Amino acid sequence: MAPPPVLALALPSETGRVLSIQSHTVQGYVGNKSAVFHLQLLGYDVDPINSVQFSNHTGYPTFKGQVLNGDQLWDLIEGLEANNLLYYTHLLTGYIGSVSFLNTVLRVVNKLRSVNPGLTYVCDPVLGDEGKLYVAEELVSVYREKVVPIASMLTPNQFEAELLTKSRIVSEQDGREACNIIHAAGPSKVVITSINVEGELLLIGSHQKEKGQPPEQFRIPIPKIPAYFTGTGDLMTALLLGWSNKYPDNLGKAAELSVSSVQALLVRTVEDYTRAGHDCQSSSLEIRLIQSQDDIRNPEIKYRAEMYNKEVDQIYTTKQPHYIRLGQI
C-alpha cells in the first residue's frame, strides 16, 4: 500500500512550512523550544532539527546532553529527501557552535533551494553580545563571507552587526549604515534587534525592496526591563519570520507586532517571578511562553515603527502621517 500523502505538502497552510535548525533544551524555552511554538501559533507547519539537546540552557550551574554534528545533520536531510519531504518555504537558523556544522547548514540551504528556489532563509547570526563572543572566532568570517550573502533576512544584535560589517555602531546613523552594508552583501531585510545608543534601547529595521535602491528604514524605541532573559532572541527572530511573511511589504508592521509580543511576554515573566518572591535581577529568567500565547497570536501593538525619511533627516510614525523632525541622527 502506498503511504498516505503528507498533508503539510498536499494541503499546505497559507503561511508556510518552516525547517528550523536550532538548539533544544528539555527544560526551559530557548532555541527551537522558543521558536517552534510561536510559529505554530501563527499558523505555520514547523519541522525542528535540534542542533543540540541539553537538559537545560548553559546558564545553569551544570548541563548534560548531546551535540549534533554536520554528518548527522546531513543524514536527516537525506532521510527527508528520500521520502520527498524536503519542500520548505522557509529555513530558520539560530545558534550554531562549530564551523563544520555551519558549513553543512550552507549545504542544506543549497539543497532546499534546489527543491524550492523561492525559499526564504531567515538567519539569526548568534555570535555574541555586549562585546563578548559566544562562539569560536573563526565562525565570524564564515558568517560574513558565506552565510550573509545567501540569507533573505538577517537579525543580528548590535555586537553581531558590528562583527559582520567590520564597523562600530555608536549612533543611529551607524546602525542604519550597517544595515546598508548588509544589504549590499545579500539580504533584502535586516533587523538589528537591539541597539543601545545614548541611553536608549532601539530596534532598527531596513527593507531594500529593489537592489540598488535606497531601503525603507525605521526605528522602534523599546523600554528597558531591569532583568536578563534567555530565549528572547530566538523568540524575536521567529516572530519576525512569522509576521514578515504575513506582511511581506511592510517590515515595520511585522516588527511592531513582534516587539509588542515580546515585551508583553517579558512583562508577564517579571510579574510572575516577582509574585513568586524572586529577585529578577539576581539571575537569568526563563520566559513565560505558554502563559503568553494570546500575546503571540493577537498582540496589542504598543510599540510603533518610526520611519526614517529616505531624503531628509526625519522620521515619522506609522500611526501618524505627519513628520517628526529629528536632530542629526
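Two strands count as paired here if DSSP finds at least two bridges between them. Keep that in mind while looking at this structure, which is a predicted model.

Let's start with strand β1, residues 17–25. Is β1 mostly covered or mostly exposed? Mostly covered: nine of its nine residues are buried.

So who sits alongside it? One partner is strand β4, residues 90–93, which pairs with β1 in the parallel sense over four bridges. Since at least two bridges are needed for a pair, those four bridges qualify β1 and β4. Another partner is strand β2, residues 45–54, which also runs parallel to β1 and is joined to it by eight bridges. To get from β1 to β2, the chain passes through helix α2, residues 32–41, and this β-α-β crossover is right-handed.

Here are the two pairings, each with one bridge to look up in the viewer:

Now for a different part of the model. The second largest pocket holds about 180 Å³ of space. Which helix gives the most to its lining? That's helix α9, residues 251–275, with five residues. The lining includes Ser260, Gln263, Ala264, Val267 and Arg268, and also Asp295, Pro299, Glu300, Lys302 and Tyr303. Sorted by class, the lining of this pocket has four nonpolar, four charged and two polar residues.

Terms used
Residues are numbered from 1 along each chain as its sequence is written. This is a predicted model: local features need pLDDT of at least 70, side-chain atom pairs count only at pLDDT 80 or more; totals for chains, interfaces and linings use all residues. Side-chain values use heavy atoms; hydrogens and water are left out. Buried means under 20% relative accessible area, exposed over 50%, partly exposed in between (1.4 Å probe, protein chains only). Helices (H or I, at least four residues) and strands (E, at least two) are DSSP runs, numbered from the N terminus. A crossover is right-handed if, with the strands pointing away from the viewer, the path from the first strand over the helix to the second runs clockwise. On a 1 Å grid over the protein atoms alone, a cavity is a set of points where a 1.4 Å probe fits but cannot get out, and a pocket is an open set with protein on both sides within 12 Å along at least five of seven lines; lining residues have an atom within 4 Å of a point. Grid points are joined across faces, edges and corners, and a volume is the space filled by probe spheres set on the points. Ala, Val, Leu, Ile, Met, Phe, Trp, Tyr, Cys and Pro count as nonpolar, Asp, Glu, Lys and Arg as charged, and the others, Gly among them, as polar.
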